[in-house]
Amino acid sequence: MQLDFATKEMTIKLVYYGPALSGKTTNLQALHAAASGDSKGRLMTLDTRDDRTLFFDLLPLSFEDASGLKVRLKVFTVPGQVIHSSTRRLVVQGADGVAFIADSRVAETETNAESFVDLRDNLEAHGMLLGEMPLVIQFNKRDLPAVRPKDEVAEMAQAGREPVYLAIATQGDGVVETFLALLYQTWKRLEKEHTLSEKFGFDGRAFIANVAEKLGFQGSIEDVLAHAVGATSLGEVGE
Amino acid sequence: MTPDEALSLDQLAIEQKFELEDLLDKGSLGEMCRSFESLFELPVRIYSSSGALLADTQGVPSLYRYLEKAKAGRRAVQDVATGVRRAEPLPGAPVLIEGVPGVLYQASLIEHEGRSLGRIILGPYTDDSQNEPPAALFDLVEELAGEGIAQEWANLPSLSSLAIGRLERHLRATLELLLFSGLKAHMASHMHMASVRESFRELSERNQKLKDAYERLKELDRLKSNFLATVSHELRTPLTSIIGYSEMLLEGIAGEVQEEQKEFVETIHEKGEQLLELIKSLLDLSKLESGTMSLHKVATTGDAIVKDVVSTLTPTAHKKGVYLLSASEADLPPMLADPERMRQVLINLTENALKFTPKGGSVTLSAVHKKEAASDMGGGGSVLMGAVRRSVIEFSVADTGIGISDAEKKRVFDAFYQVDSSSTREAGGTGLGLSIVQRLVDGHDGKISIEDNDPQGSVFIVTVPLKKPPTT
């Protein structure tokens, strides 16, 4: 995160991580489509000829808080292919929050796990701990056959600390919820570390409600958290 | 920018550390602006945020040249540049500047995600509602009596405020697209460099780790050799006593020994000798490995060694019912070798051959003089090295035994390796012989190889150079 006290600007870096072809770029595209005109910048994709992400995608979003604090969100994806590990390490550096996009198909179980370990290793390379990183997991591609059943995902999700969402990114389902939950997790962490409410009178909940509205989401952050698979009690996820 | 000064992704994407000049090609920008001017007849200037002029389609308008003829006019024209430079447009809010009376400029901001990167200046132009030069303009050129000023005025482009707004938006949108592409390319090239650097760092780190591991293994290997040497030495001392005292017992020094006791003591003595041989081999191996075995090289003839080995091992061959033959060339040139160690090499190979040759088979030893190309010593440069042919003595031990498979040919020289390592194998031995042979041959700058014997069995070939090769 970067804070500019002079211009009252805060820049937050969010990273979409996950195995190759799990739908990270599609998530960003859906998010870009959902965002209203004045809050989104151009979606930058650095891809190869066959539309595979080469370095990263970058979606800039900007919002203004009632306190006057300008919040810029820079949402990145990483290239999923195994060989791009060094690029992933570069992109994930300085991340404030991570959304892990997993492929729901049972056959992809191991690939998901490998990518998650890769995330942990790449964070550790920068002296960051996965356990301390604001994290949201998305099980994408729910529309495909042979996916892990929701009950199973829910059962496993309850064992973890992070909110888990189901999504069909190609149709935009679950994309905004994942993003808002990630934003919420990230805000909680930043608030704890930087006491933004004290320094700027920054109201995180109101801010997220504002972002939700700009992204066309009907409901409060509690609704978002309640959407998580296996969510036990409202607002308690990820504490 | 040197690679070390390259910006990180965050510096580019989060802190937005880049200038308009980094993202746009100055030449192409100028061309685009000229094309814009030729289409809309409206001059364009583009400044970066640092104030550098990146594109300028306008020369000095003829009106200004006209005004400069008068003193007040000259001052007014000079002030135009300052006025334009001082204009401070806000994001989305262009500023209108009046240059000389009635002549307009519009300044607008080029921004990227809230950060100002530069300015666009459109003009000079006149408002299309103003058909004639204003009176204030005539005042500037009083002494010229206003002649021709209307003509110069008419030469300036005339636009409505609506039109100028549309043109500005169009130009800004085009510029921002160029900027976006530029930024994308800029980031991609930075990422590319950063990725390469990161991969390089990673590989260097791994190389270092491998190097460290290699050093550690070398050290361990050295320790192992030392340990082997020490232990062998320590084992030999008490064993010498065992052999010595059993010998004395057999000689009856300690009194008469019964027949059965004698048999037992003989077994102790025999096994003791076997054990001593084994320990000696181990000691040899460790000495060879640690490089502490010194070879006493003198001028030696190959056929003499062969004869000696044949005569030494003939009783063994006889006992086994195997023919031991020698087929050496006469008048071999002398070679520089340690005769005792070369003899050990051939004894080892021949004993092995006898061990694996069944009754009625044969083992043939030979020594011949040969010239071989030195290029296959490795190290390349075969065009040079191939021309140098070195003289070698080639020893061979051919048997008609069970033979060695191709896969095993590579491994038989490893210490303790046995082709048949099952506990019930027919042939005994420690598996040290060939690895000692290999090291002794190495010590003579020689080579050892295994070929198949026709129709059955193996041939061990040892070549030893007559002189030291030029590369060592």
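Start in chain B and select Ile305(B), Val306(B), Asp308(B), Val309(B), Thr312(B), Leu313(B), Thr316(B), Ala317(B) and Lys320(B) of α10(B): they meet Pro339(B), Met342(B), Arg343(B), Leu346(B), Ile347(B), Thr350(B), Glu351(B) and Leu354(B) of α11(B).

What you have open is a predicted model, where local features need pLDDT of at least 70 and side-chain atom pairs count only at pLDDT 80 or more, while totals for chains, interfaces and linings use all residues. Residues are numbered from 1 along each chain as its sequence is written, with chains lettered from A and ligands numbered from 1 in the order in which they are written.

Now show all of α10 (residues 302-320) and α11 (residues 339-356) of chain B: they pack at about 25 degrees with axes 10 Å apart. That makes the pair roughly parallel (angles under 35 degrees).

Next, hop to chain A and pick α7 (residues 204-214), where Phe207(A), Ile208(A), Val211(A) and Ala212(A) are buried (20 or more other C-beta atoms within 10 Å of a residue's own). They sit on the same side of α7(A), because they cover an arc of only 140 degrees around the axis. Their cover includes β4 (53-64), β5 (70-77), α5 (175-194) and α8 (221-227) of chain A. Just past α7(A), click Gly216(A) for a positive phi of about 75 degrees.

Last stop: the contact between the chains, with 17 residues from chain B and 20 from chain A. On the chain B side, α8(B) gives the largest share, 10 residues.

Notes. Buried ≥ 20, exposed ≤ 12 C-beta atoms within 10 Å, placed from the backbone. Helix = DSSP H or I, 4+ residues; strand = E, 2+ residues; numbered from the N terminus. Arc of directions from axis to C-beta. Contact = placed C-beta atoms within 7 Å. Axes fitted to C-alpha atoms, helices over the stretch in contact; angles between N-to-C directions. Parallel < 35°, antiparallel > 145°, perpendicular 65-115°, else oblique.
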